[in-house]
Amino acid sequence: MANLATFFILCLSLSMSSYLQVFHAMAHEWPGGRSTRIYDFKVQTLRVTKLCNTKEIVTINKRFPGPVVYAQEDDRIIVKVTNETPYNATIHWHGVRQKLSCWFDGPSYITQCPIQAGQTFTYEFTLVKQKGTFFWHAHVSWLRATVYGAIVVYPKTEVPYPFKHPYEEHIVILGEYWLRDVVQLERQVLASGGAAPSADAFTINGHPGPNYNCSSNDVYKIDVVPGKTYLLRLINAGLNMENFFAIANHKLTIVEADAEYTKPFTTDRVMLGPGQTMNVLVTTDQPIGKYSVAMGPYMSAQNVAFQNISALAYFQYLGAVPNSLSLPAKLPSFNDNLAVKTVMDGLRSLNPVNVPKEIDTSLFVTVGLNVNKCQSKTPQQNCQGMNNGTFAASMNNISFIKPTISVLEAYYKKIGGHFTEDFPGAPLQFYDFVNGAPNNAPNNTQAINGTRTKVPKFGSRVQLIFQDTSTVTTENHPIHLHGYSFYVVGYGTGNFDPQTANFNLIDPPYMNTIGVPVGGWAVIRFVADNPGVWFMHCHLDIHQSWGLGAALIVENGKGELETLPHPPADLPRC
């Protein structure tokens with residue numbers, strides 16, 4: 001993965017085999033100098049041995065992590081996905097705004113039916129005014145535990161980075177690994193009504209590192225030269241955990257978050273929730289040696305089991321003694337909320353931005369957990385949640401239920417009975433969300449099930465106020481919005497109060513996944529200028545499975561450039 005920028009330019013003039021999964025440039029040029037990058041993704045199982053155990057995992061092209069998609073700003077991407085496994089599959093292009101290409105966004109039963117065994121679907125989209133670090137991942141069941149890979153989008157030719165060009169670039173993907181079949185695991189957890197088990201290991205680029213059994217040689221290593229500056233493209237592809245990341249004795253300078261440039265901010269460690277990406281500069285200014293790269297847990301919830309063994313990689317200087325001991329990296333304690341806030345406080349857009357000042361549509365959205373009453377005749381098997389109830393999760397106390405066909409298809413073809421357009425703009429009741437939430441589970445902690453959507457008009461200026469609640473427990477929730485990036489204009493602890501909330505309307509960060517602070521709130525703003533159905537959900541997959549999500553349906557505007565095109569001919573059927 002070293003020296004990716006040079007490698008990328010080289011690839012533009014080469015036609016590489018699809019087996020190697022490096023893009024090949026097409027002779028046909030799109031308007032405005034854009035190129036087309038074509039990839040061939042085969043969903044395949046791969047036999048791997050990790051943690052003293054051999055098992056089959058689902059991958060793309062038998063690679064774990066999967067192949068990197070390389071491109072430049074404004075390029076057209078075409079990815080043919082063929083499903084050669086018995087599992088349903090879809091691919092979501094996380095952070096890609098999918099301008100007028102909602103059909104190719106990827107979340108199952110939101111914009112498409114899954115690609116079933118033996119079927120093929122071709123994704124086509126343009127990276128309109130987007131560059132930076134993104135990633136792709138499966139968006140059905142919990143398959144994204146192993147089905148993920150990086151998307152690296154370089155600036156246009158001869159457009160420099162807004163910082164000194166790094167000596168080399170490296171992709172660093174944080175993940176979680178389970179010994180159990182993750183599709184079966186999701187089914188079993190939901191059937192039990194209880195909590196999800198923690199992962200068997202954290203991984204860095206698929207490697208758990210020496211802290212885990214049978215893993216002393218299953219370690220990722222970055223070889224570095226003294227006196228140079230490196231760009232690390234950090235991606236959290238984990239399933240159910242947020243994570244701290246640090247390199248022993250080295251500072252990290254954040255220069256990009258969620259594929260948007262930021263003002264440089266230097267820190268000892270960063271925290272990424274699942275779905276978040278971050279580019280950091282690291283200067284090799286320490287004595288020659290081998291330094292640990294560490295990934296550990298950030299767990300803000302109470303009484304939740306989690307993996308507390310850190311994954312390790314090596315940051316090894318040229319000239320270091322082989323097999324020498326690595327200097328340890330210092331991570332914050334697992335519940336260090338201040339460390340998380342400190343990093344978030346440092347994120348600012350590189351330049352002043354045009355934040356919507358007047359708002360047309362404002363939603364107040366509670367995010368949190370629920371406990372429903374047991375409805376099973378076998379409660380010991382199916383009601384393992386708090387006080388013999390079943391766990392759920394919700395937005396404004398509504399657990400999102402995915403329909404039997406995609407919401408987008410039902411909306412576009414006007415097929416009734418699959419969703420409603422009555423997602424509430426505020427919770428039914430206001431109370432002390434952080435300190436006085438209902439907790440007499442399961443009597444006053446139940447959620448309502450529904451496939452409810454909110455329909456903002458095209459061009460409307462939207463504000464979403466996310467409020468964490470303390471039913472079961474408060475927790476930091478990484479909320480992801482498909483189809484858009486948004487300005488994070490404010491966040492804080494406690495209950496949101498418009499009289500005291502401080503907003504940054506000058507240079508807020510422009511993100512696609514925001515960690516709503518534990519026991520706190522976050523406010524985002526964007527202009528609804530991309531028609532389609534866009535999923536909004538917690539990126540902790542257990543919470544998504546429990547229903548912590550909703551969908552926005554953005555209506556068409558006027559003319560072809562503001563209208564969702566017709567569906568592709570090969571759109572999968574349910």
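Reply: By class, the largest cavity is lined by 5 nonpolar, 2 polar and 3 charged residues; Ala, Val, Leu, Ile, Met, Phe, Trp, Tyr, Cys and Pro count as nonpolar, Asp, Glu, Lys and Arg as charged, and the others, Gly among them, as polar. The model is predicted: local features need pLDDT of at least 70, side-chain atom pairs count only at pLDDT 80 or more, and totals for chains, interfaces and linings use all residues. Residues are numbered from 1 along each chain as its sequence is written, and side-chain values use heavy atoms, with hydrogens and water left out.

Me: What volume does the largest cavity have, and which residues line it?

Reply: Rolling a probe the size of a water molecule over the atoms shows where empty space is left. On a 1 Å grid over the protein atoms alone, a cavity is a set of points where a 1.4 Å probe fits but cannot get out, whereas a pocket is an open set with protein on both sides within 12 Å along at least five of seven lines; lining residues have an atom within 4 Å of a point. Grid points are joined across faces, edges and corners, and a volume is the space filled by probe spheres set on the points. Here the largest cavity has a volume of about 50 Å³, and its lining includes Lys131, Tyr154, Arg233 and Glu256. The whole structure holds 4 cavities of 30 Å³ or more.

Me: Which residues are the closest to the centre of the largest pocket?

Reply: The largest pocket has a volume of about 840 Å³. Of its 28 lining residues, Arg97, Lys129, Glu260, Tyr487 and Tyr510 are the closest to the centre. Two or more lining residues come from each of β16 (260-267) and β31 (520-527); strands (E, at least two residues) and helices (H or I, at least four) are DSSP runs, numbered from the N terminus. The lining comprises 13 nonpolar, 7 polar and 8 charged residues.

Me: Which element gives the largest share of the lining of the second largest pocket?

Reply: The second largest pocket has a volume of about 570 Å³. Helix α2 gives the largest share of its lining, 4 residues.

Me: How is a sheet read, and in what order do the 5 strands of the open sheet lie?

Reply: Strands of a sheet pair through backbone hydrogen bonds, either parallel or antiparallel. Two strands pair if DSSP finds at least two bridges between them. In this model the order is β25-β33-β32-β27-β30, with mixed pairing. The edge strands, β25 (453-454) and β30 (513-516), each pair on one side only. Strands β32 and β33 run antiparallel, joined by 6 bridges.
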